[in-house]
Structures are given as C-alpha cells and as structure tokens.
Amino acid sequence: MRRVLDHIDRHLDDDLDLDATSGVAAFSKFHFHRQFMATFGLSVHRYVQLARMKRASYRLAYRDAQSITEIAMDAGYDAPDAFARAFRQRVGQSPSSFRKAPDWEPWLAAFGPLDNARSKRMQTTYTADDVTIREVAPTPVAIMQHRGDPATIGATIQRFIAWRKATGLSPKVSPTFNIFHADPRTTPPTEYRLDLCVGTDRPIAAHGEHIEAGTIPGGRCAVLRVVGDTDNLEPAALYLYRDWLPASGEEARDFPLYCQRLTFFPEVPEHEAVAIMFLPLK
C-alpha cells in the first residue's frame with residue numbers, strides 16, 4: 001500500500017485506473033480494491049480524485065503563474081467548466097474565487113479524507129538514531145508573523161509567497177524557516193503563533209506587509225529530518241520533546257522549536273517534501 005500511494009504521488013498526470021494501481025500492488029483487481037478500501041476508507045478512484053484536486057488547490061492558491069485552464073487539465077479534466085463544477089462541489093468556491101481569496105476552513109474539511117488516508121500510510125516511528133546534534137550558525141531572517149487560528153494559516157502563506165516574489169527572495173536562493181511559538185493542541189486558536197521566515201541579510205522592503213528583521217540564533221541543536229507529510233510536523237515535534245529530550249540528558253535552550261523547509265509540495269510529490277526540525281539545546 002505504501003508503494004501504491006508513492007506511485008500515485010509520482011504519476012498524478014498518468015492513467016491511474018484499477019488495472020494500473022493493482023499492478024503496482026501485485027494484487028488482483030478484486031482483492032486490491034477491497035484491501036485499499038479496508039486500509040484507507042475510500043476507493044482508489046476517490047483517492048486519486050482528491051489527490052489531484054488537492055494539488056490543483058495548491059497551484060491555484062500559491063502558483064499564480066499557471067492558468068486555471070492548465071491546472072484543470074493537469075487535474076484530469078477535459079474542460080475548465082467541468083473542473084470548476086467539481087472544484088466548487090468539493091471546496092465550496094469556484095477556482096477563480098479560491099485563487100483570489102481561499103476559504104481555508106472548508107478546504108481543510110474537503111481534504112480530510114485524503115489526509116486521514118495519507119496519515120495511515122505516513123506514520124513514522126522515530127528513534128534516537130534519527131537525531132543528530134549539530135552546531136548551527138546564526139541565520140539573519142525576515143519574518144512575517146501569523147497570529148490566530150491555525151486553520152487560517154494558508155492566507156498568511158499566500159501573503160508570504162507574494163511578498164517573497166515582490167522582493168526577489170526565491171526559495172531556490174533564500175532558505176525558508178518556520179518558528180513554532182505555540183503548540184496548536186494546547187493553545188487557544190486566537191493565541192496561536194507561528195513565524196514564516198526567509199533567510200536574508202539584505203535590507204528588508206516591506207511592500208505593504210508587516211515584516212520584521214530577526215535572527216535565528218546559532219548554537220547546539222538536536223536535528224531531525226522529516227520526509228513526507230511536512231504539513232503535519234507534530235509527530236516529529238512530539239518525538240523530540242516527549243521522547244528524545246528526556247532520554248538524552250540534554251536541556252532545551254530558551255528558543256522555540258523551528259524547521260527549515262527544503263522541498264515543497266506541489267513542486268515535488270507530497271511524499272518527497274522535506275523539512276529539517278531543530279530543537280535548540282543548551
């Protein structure tokens with residue numbers, strides 16, 4: 001099943017019918033269909049539909065260089081109007097209105113079945129061998145703050161991407177960081193805090209946004225590489241704080257957990273997205 005989901009991720013533009021996917025699983029079509037349903041709670045066809053639609057939604061929200069027609073074709077639709085009907089039915093907005101002003105709460109609900117299926121396959125068990133201790137150099141950063149409900153962070157990410165484009169701070173040349181000031185499980189939504197950061201020592205042009213200069217301090221850090229479900233870094237954070245830190249004999253420094261995002265969905269398939277978690281140590 002892991003092999004099948006990886007194959008779907010890599011071949012979203014190909015024919016992913018039952019013949020193709022059951023062949024990857026090396027099951028008969030009949031048994032594969034039943035096993036997939038039993039494992040993930042949705043059919044292969046439904047999973048593929050949702051995966052294509054999620055990729056399309058990311059491209060609409062974050063990749064304005066691609067036209068809605070191109071996105072529709074990449075999602076497997078022969079015409080933009082058919083894509084628009086399906087997208088509205090799933091997300092509650094037309095593709096054009098979602099591109100302009102996404103409503104993220106219905107979006108989260110729409111892709112809940114897909115994310116639940118992926119989390120069953122993506123469960124990762126970390127061990128102490130996965131953690132290294134590294135001396136990290138200080139990094140000057142420009143910071144856009146997100147304050148409020150984690151469900152609305154997509155809107156902040158949109159603004160952050162637009163600001164980076166306006167300033168020429170592409171992820172290809174300027175590293176991307178997130179600083180986690182609060183735990184979404186225990187923090188009231190109105191008090192949730194996250195910093196979106198780009199590594200730069202250039203003078204900061206705000207371009208109408210509230211951007212602050214800051215520094216991610218150098219020093220010793222516990223480092224954990226996360227591959228795959230980088231939209232949900234909670235398992236990695238929990239492992240570092242709850243399991244690794246008490247057993248390590250180390251003590252956390254007075255700076256929040258943070259991550260560097262190395263590759264991004266939809267530029268790469270979701271299971272190939274990579275983030276590096278840093279737990280600052282004394």
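Select Leu-18, Asp-19, Thr-21, Ser-22 and Ala-25 in helix H2, then Lys-29, Phe-32 and His-33 in helix H3: the two groups are in contact with each other. This is a predicted model. Sorted by class, the H2–H3 contact comprises three nonpolar, three polar and two charged residues.

Next, turn to the aromatic rings. The structure has 19 aromatic pairs, and two of them are worth a stop.

Select Tyr-58 and Tyr-62. With ring centres 5.6 Å apart and planes at 80°, this pair is edge-to-face, because planes over 60 degrees apart count as edge-to-face. Both residues sit in helix H4 (residues 44–62), four residues apart, which is about one turn of the helix. Both Tyr-58 and Tyr-62 are buried.

Move on to Tyr-258 and Phe-278. Here the ring centres are 4.8 Å apart and the planes are at 10°, so the pair is stacked. This pair links distant parts of the chain, 20 residues apart: Tyr-258 belongs to strand E7 (residues 258–263) and Phe-278 to strand E8 (residues 274–280). Tyr-258 is buried at a relative accessible area of 2%, and Phe-278 is buried at 5%.

Definitions and conventions. Residues are numbered from 1 along each chain as its sequence is written. This is a predicted model: local features need pLDDT of at least 70, side-chain atom pairs count only at pLDDT 80 or more; totals for chains, interfaces and linings use all residues. Side-chain values use heavy atoms; hydrogens and water are left out. Contact means heavy atoms within 4.5 Å. Ala, Val, Leu, Ile, Met, Phe, Trp, Tyr, Cys and Pro count as nonpolar, Asp, Glu, Lys and Arg as charged, and the others, Gly among them, as polar. Rings of Phe, Tyr and Trp (its six-membered ring) pair if their centres lie within 6.5 Å; planes under 30 degrees apart count as stacked, over 60 as edge-to-face and the rest as tilted. Buried means under 20% relative accessible area, exposed over 50%, partly exposed in between (1.4 Å probe, protein chains only).
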